[in-house]
Amino acid sequence: MEIINIDNASYYYKAYNDDGTVGRAVGVENVTLSIEEGSFVALVGHNGCGKSTLAKLLNGLLVPASGKVTVCGMDTSDKNNIFEIRKNVGMVFQNPDNQMVASIVEEDVAFGPENLGVPQPQIVQRVNDALAQVGMSEYAKRSPHRLSGGQKQRIAIAGALAIQPKVLVLDESTAMLDPMGRREVLQVAHQLNRGGMTVILITHFMEEVLDCDSVAVMDGGTVVATGTPMQIFDNGTLLNRVGLRAPRTVELAHLLKNAGWNVTPDCVDARTLGGEVCLNLDQIK
Amino acid sequence: MFRDVTFGQYYPADSFVHKMDARIKLVLSLLFMVGIFFVVSYVGFAVITLYLLVVIALARVPLKSVLKSVKGIIFLLLLTAIINVFFTKGAGEPLLSWWKIEIYTEGLIFASKMLLRLTYLVIGSSILTLTTTPVDLTHAVESLLKPLRVIKFPVHEFALIMSLTLSFIPSLMEETDRIIRAQKARGADFDTGGLVKRAKAFVPILIPLLVGGFRRADELANAMNSRCYEGATKRTRMRKMRLGWRDAVASVIVVVLFAAIFTVYGMQSAWGGIIWLYY
């Protein structure tokens, strides 16, 4: 079942021309995309390709200038729907420090349900559940600014989960993290997805795309390709054109395959690829 | 550079004072702050010292973090003390006289008491912020200011702004530190030259800080909107404020203590205290 539908949506930012007149800059233009309930979708693209604008269209932070965005059957341009939409689409942003509203972890997580007017005993329940889901229960009483980047982002995810959304949007949430933090956040995202959550992962790290169900590639404000990760990785000309690159292991596996080695071309794990290469050694001799 | 400022920094612990209701803590702290200006004798100060030590012990806050807050305003304290020493005229002969400067015994006594009073004022307020999370503190302010809603005062928004400000202090300080280091790495000089030159050297720090502040505010607004924020309407609270036996015990003790102080020293000295504060 389709949970989010983007139908020919465009959004423009105000921009000042050199002569001082007001013009417009493309945020996104004529984007059409459909997201299935329960899927794990990656949105990739170079800086300034419109990924984050698209993300903000998903929960009504921005409303398309033309076209339509529908979430769970509700039009985001209708002001009456806005809170119902935001209840369904949890959003986590790039900078963990700039999305904390409280100075204690559990109080930050409680912010969403408090806004929704959830009765007090249920807020406690929701906060505990959300923190358990991201594996941060033991940090409930701590101050977030002493935690690592990955931990802070997990708190931010918990904050989104406490609203009990159907869709979780990670808007470059891994961009500022170290490899360890990125792994933590992705693990949580995949685990939530296995539990039925629709996840939209916005990123420019191609390795993060590997385990997704489908990938949408953006360039210049439009979606230029959609497909499974392998279909996208195989399309070298497309990736080149938009300034992206398949993960190194995939590139290597492809080269080896083309050179006549017996390896799986879609191999993404360096260790597995190494094993396969070793098995090939006898043949080469 | 700014690591020493503890104001607004919560020290997590599981203590008698931490478990008290924030509203009671706020009111008792205010009572303390007023009361301290009634105290004029050293015996009184000894009692207050004892009181503060007991509270700090009950709060299980290390003495070091309490004293840190005093360190932050030590310059102001010394300045006040020095001014008081020089400008208080006594009745008898001056203790020390040189050129136009005359120091009287009264001046010394007065300055020492002023120093104690201001120090205790800072310690008292830092105990409050060390044992109360900014969120609890804002809830307390919001709850205590509720009557002002009658005159359309935006109580909830006021409390929220207060809490956001407090929770952004650490990250703003980190950012200031980072910008200063970045500018130093590019050869900026903050340590030499006259006052004007040094002040000008701070412009390249303030501008990125200001721009960063706007960006931060924008991102925070987006994050809050995404989490269904729509002002005070129908908002509930996770933390229930409940008065317990601790609040009753503490209130009785503190009120009795300060009632005694008010009776002993009387109204007159209080007026004196307030006037001194202005000097």
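Modeller: Helices, taken as H or I runs of at least four residues, and strands, taken as E runs of at least two, are DSSP runs numbered from the N terminus. The model under discussion is a predicted one.

Colleague: How many helices and strands does the secondary structure of chain B come to?

Modeller: Along the sequence, chain B follows the pattern α-α-α-α-α-β-β-α-α-α-α-α-α. Its secondary structure therefore consists, by the DSSP runs, of helices and strands whose totals are eleven helices and two strands.

Colleague: What percentage of the contacts in chain B between residues at least 6 apart in sequence join residues at least 24 apart?

Modeller: The C-alpha trace of chain B spans about 70 × 60 × 40 Å along its principal axes. Of the 279 residues in chain B, 25% are buried. Among contacts between residues at least 6 apart in sequence, the share joining residues at least 24 apart is 79%.

Colleague: Which element gives the most residues to the side of chain A that touches chain B?

Modeller: Between the two chains, 35 residues of chain A are in contact with 28 residues of chain B. The elements giving two or more residues to this side of chain A are α2 (82–88), α4 (111–116) and α5 (120–133) of chain A. By class, the side of chain A that touches chain B has 17 nonpolar, twelve polar and six charged residues. The most, five residues, comes from α4(A).

Colleague: Which strands stand at the edges of the open sheet of four strands in chain A?

Modeller: The order of this antiparallel sheet is β2-β1-β4-β5 (chain A). A strand with a single partner has one side left without a neighbour in the sheet, so the edge strands are β2 (22–36) and β5 (74–75) of chain A.

Colleague: Which residue of β2(A) is the bridge partner of A:Lys14?

Modeller: Strand β1 (residues 2–16) of chain A runs antiparallel to β2(A), and eleven bridges join the two. Within β2(A), the partner of A:Lys14 is A:Arg24.

Colleague: Which strands are the edge strands of the open sheet of six strands in chain A?

Modeller: This sheet has mixed pairing and the order β6-β7-β8-β3-β9-β10 (chain A). Its neighbouring strands are turned by 20° against each other on average, direction ignored. The strands that pair on one side only are β6 (89–92) and β10 (222–227) of chain A.

Colleague: Which residue of β9(A) is the bridge partner of A:Ala42?

Modeller: β3(A) pairs in the parallel sense with strand β8 (residues 198–203) of chain A over five bridges; there A:Val41 stands opposite A:Ile200, and A:Val44 opposite A:Thr203. β3(A) also runs parallel to strand β9 (residues 214–219) of chain A, with five bridges joining them. In β9(A), the partner of A:Ala42 is A:Val215.

Colleague: What is the angle between helix α1 (residues 51–58) of chain A and β7(A)?

Modeller: Helix α1(A) lies across β3, β6, β7, β8 and β9 of chain A. The angle at which α1(A) runs to β7(A) is about 155°.

Colleague: Are α6(A) and α7(A) roughly parallel or roughly antiparallel to each other?

Modeller: The axes of helix α6 (residues 149–161) and helix α7 (residues 179–194) of chain A come within 8 Å and cross at roughly 25°. The contact includes A:Gly149 and A:Ile157 of α6(A), and A:Met180 and A:Val188 of α7(A). By class, this contact has four nonpolar, four polar and two charged residues. Angles under 35 degrees count as roughly parallel, and the two helices are therefore roughly parallel.

Colleague: Is A:Glu172 buried or exposed?

Modeller: A:Glu172 lies in the loop between β7 and α7 of chain A and has a positive phi of about 55° although it is not a glycine. Most residues other than glycine have a negative phi. Because 20 other C-beta atoms lie within 10 Å, A:Glu172 is buried.

Colleague: Where does A:Gln164 lie?

Modeller: A:Gln164 is not a glycine, yet has a positive phi of about 60°. With 16 C-beta neighbours inside 10 Å, A:Gln164 counts as partly exposed. Its place is the loop between α6 and β7 (167–171) of chain A.

Key:
Residues are numbered from 1 along each chain as its sequence is written. Chains are lettered from A and ligands numbered from 1 in the order in which they are written. This is a predicted model: local features need pLDDT of at least 70, side-chain atom pairs count only at pLDDT 80 or more; totals for chains, interfaces and linings use all residues. Two strands pair if DSSP finds at least two bridges between them. Axes are lines fitted to C-alpha atoms, for helices over the stretch in contact, and angles run from 0 to 180 degrees between N-to-C directions. Angles under 35 degrees count as roughly parallel, over 145 as roughly antiparallel, 65 to 115 as roughly perpendicular and the rest as oblique. Two residues are in contact if their C-beta atoms, placed from the backbone, lie within 7 Å. Ala, Val, Leu, Ile, Met, Phe, Trp, Tyr, Cys and Pro count as nonpolar, Asp, Glu, Lys and Arg as charged, and the others, Gly among them, as polar. A residue is buried if 20 or more other C-beta atoms lie within 10 Å of its own, exposed if 12 or fewer, and partly exposed in between; C-beta atoms are placed from the backbone.
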